[in-house]
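Welcome to this guided tour. Open your viewer, get ready to select residues by number, and follow along stop by stop.

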Amino acid sequence: MSDEHLPLSDFIEYPQDEMLHRAEKNYGEVKRRHSIRKFSNRAVPQAIIEQCILAAGTAPNGANHQPWHFVAIQSPDIKAQIRQQAEALEQAFYAGRAGEEWLDALKPLGTNANKPYLEHAPWLIAIFSQKRKQEENEQKSNYYVHESVGIAIGFLIQALHHAGLGTLTHTPKPMSFLSKICGRDNDNERPYMLIVAGYPAEDATVPTHALDKKSLAEICDFI
């Protein structure tokens, strides 16, 4: 294992007024990202998805083991299988398995057991977390797996939004059906999240409730 270090050569320092401008511009851009549930079926080139996944792969992670695997799905057949399995689970969820408090919390968003976007959107990206890393002829433990994969998904969502695509996070429970459908059914990986990506449909909407974000004072202390 090499312990070689290289000089940091690609960091760019900006004047502070430009830093503030860039921070404000970035905030303005991320404020336009909304979870949507109506997608156009317009095709999105694979090259765009590839670049977004490469961006996700640069996320900080434990010991640089990169404990993730992405499966980008555009096959209509596979998307139909995922929708069928996910909706079967969602039927039970909305029938009461979620509990009254959770279902009440979801009411302002207008969600239900029907997930047509899983079939209609051009891309689904299934993200799998990995417990161990294969290194030469041995497997080594991965570290901070949940934190690492969560950060990578944040990078992925931002990259997709920055590229000009709409997104939705989807986490049916249990998600074990994704392992089988995606060919990742092994004891080292578990499905972590499903990202829906594509152009918004012309009649896409955003729930008013989802626009209610906490203020800076509510989410941060400066000490």
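Is arginine 132 buried, partly exposed or exposed? Select arginine 132 and show its surface: with a relative accessibility of 24%, this residue counts as partly exposed. Keep in mind throughout that you are looking at a predicted model.

**Stop 1: a link across the chain.** Aspartate 187 is exposed, because its relative accessible area of 58% is over the 50% cut-off.

**Stop 2: more charged pairs.** Side chains of opposite charge can pair when their charged atoms come close. How many salt bridges does the structure hold? There are nine. For one of them, select glutamate 189 and arginine 184, whose side chains meet at 2.7 Å, N to O. Glutamate 189 is buried, because its relative accessible area is 10% and buried means under 20%. Next, pick aspartate 104 and lysine 107, which form a salt bridge at 3.2 Å, N to O. Here aspartate 104 is partly exposed at 37% relative accessibility, and lysine 107 is exposed at 60%.

**Stop 3: a nonpolar patch.** Now select Leu216, Ile219 and Phe222. Together they make a nonpolar surface patch of about 390 Å². Leucine 216 lies in helix α8 (residues 216–219) and is exposed, with a relative accessible area of 54%.

**Stop 4: backbone details.** Which kind of peptide bond joins lysine 173 and proline 174? The bond is cis, with omega at about -10°. You will find proline 174 in the loop between β5 (166–170) and α7.

Then move to asparagine 64, in the loop between α2 (46–56) and β1 (68–73). Its phi is near 55°, a positive value in a residue other than glycine. Asparagine 64 is partly exposed, with a relative accessible area of 48%.

Finish at tyrosine 144, in the loop between β4 (138–141) and α6 (145–163). Tyrosine 144 has a positive phi of about 50° although it is not a glycine, and this residue is exposed, with a relative accessible area of 60%.

Key
Residues numbered from 1 in each chain as written. Predicted model: local features only at pLDDT ≥ 70, side-chain atom pairs only at ≥ 80, totals over all residues. Heavy atoms only, no water. Salt bridge = Lys/Arg side-chain N within 4 Å of Asp/Glu carboxyl O. Buried < 20%, exposed > 50% of the residue type's maximum accessible area, 1.4 Å probe, protein only. Patch = residues over 30% accessible without salt bridge, like charges linked within 9 Å, V, L, I, M, F, W, Y side chains within 5 Å. Areas by Shrake-Rupley, 256 points an atom, 1.4 Å probe, with all protein chains shown as cover. Helix = DSSP H or I, 4+ residues; strand = E, 2+ residues; numbered from the N terminus.
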